[in-house]
Amino acid sequence: MRIGFALPQFGALAHQPDQVARFAEQAEQQLGADSLWVGDRLLAPVDPTVGYGGGTTIPAEFNSILDPFGLLTVAATVTGRVQLGTNVLNAPWYPPAIFARSLTSIDQFSAGRLLLGLGIGWSPEEYVAAGIPMTERGARLDECLDALDALWTADPAEYHGRHWSVPATRVELTPAQKGGPPIYLAGFAPAAVRRVARRADGWLPVYRPGTREFDPEATIAAPLARIRKLAAAQGRDPASIGTVLRVYPVAGVSARECATALVRAEREAGTDHAFVDLQCLAESVDHALELAGRILEHARR
């Protein structure tokens, strides 16, 4: 299994921005991590309409946020092997031309190591702040995917949809990966599952140790089987749809418990790539590196 870690982006880790490069470099060179990841939060609402994970509150870690594009740029410049992933960027917030420019730059900086994980978010307050109607999020994601495809495969390129438009433009610089980075999509809702089956390179399941017993069959294998069946019905090769599991432990979960989840995901669901988000466990970048090393040690025994 390929194992990665989230970059220092939220909570206490966000207050050490000068340590991001060191984390990325040591995770790759000293620990042997396979990938580094960012997420996408915009606000920590005081009175949330919808709380995190369907609850009523927002994790304190989201009170401090670093920009995902900046983090990926830093990581790209100090690493040479690890894959750089987003899990997830909330695509409906970004005009496609601006989005494509940022993503193209990161893929070029990293010599083609970007994996683009996209979603639609869950916070009404974040949509208000982004100036985008939340009711349009699914349609805007679809149009974003169409516009990115146009910008990354045609020259001149243009796109005209209901929500986004890109006038005809010359495009002489595209991502290092021909046709653009692989695109993985998040979500469990029927519409999200159908979208993955129809047009994504992969799907992004998640497990949160410390909240419930891990069931790799229900969490990963069964939904992926449904996605692949739908993909086959549309003439796609079902085996071409991959997964990257996000393991996001709550406070108090041990490195060994995180490693156990990784091992079980590989053995019981066939997962070949996962990463651990340490924002609720690590008190500093040094602590995050220590935890990452212990997780890898347990998982690779």
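## Strands β1 and β2

Strand β1 (residues 2–6) pairs with strand β2 (residues 35–38) in the parallel sense, over three bridges. Strands, like helices, are DSSP runs numbered from the N terminus, with at least two residues (E) for a strand and at least four (H or I) for a helix; two strands pair if DSSP finds at least two bridges between them. F5 has L36 of β2 as its bridge partner.

This is a predicted model, in which local features need pLDDT of at least 70 and side-chain atom pairs count only at pLDDT 80 or more, while totals for chains, interfaces and linings use all residues. Residues are numbered from 1 along each chain as its sequence is written, and side-chain values use heavy atoms, with hydrogens and water left out.

## The sheet

An open sheet is formed by 10 strands with parallel pairing, in the order β9-β11-β12-β1-β2-β3-β4-β7-β8-β10. Its edges are β9 (206–207) and β10 (242–243); each has a single partner strand, so one side of each is left without a neighbour in the sheet.

## Helices across the sheet

Helix α2 (residues 68–78) lies across β2, β3 (83–90) and β4 (114–119), and runs at about 180° to β3. Helix α5 (residues 137–153) lies across β4 and β7 (183–186), at about 155° to β4. Axes are lines fitted to C-alpha atoms, for helices over the stretch in contact (heavy atoms within 4.5 Å); angles run from 0 to 180 degrees between N-to-C directions.

## Residue T104

T104 belongs to helix α3 (residues 96–109). With a relative accessible area of 6%, T104 is buried (under 20% relative accessible area, 1.4 Å probe, protein chains only). Not counting residues up to four places away in sequence, T104 touches W152, L173, T174 and P175.

Definitions and conventions: Buried < 20%, exposed > 50% of the residue type's maximum accessible area, 1.4 Å probe, protein only.
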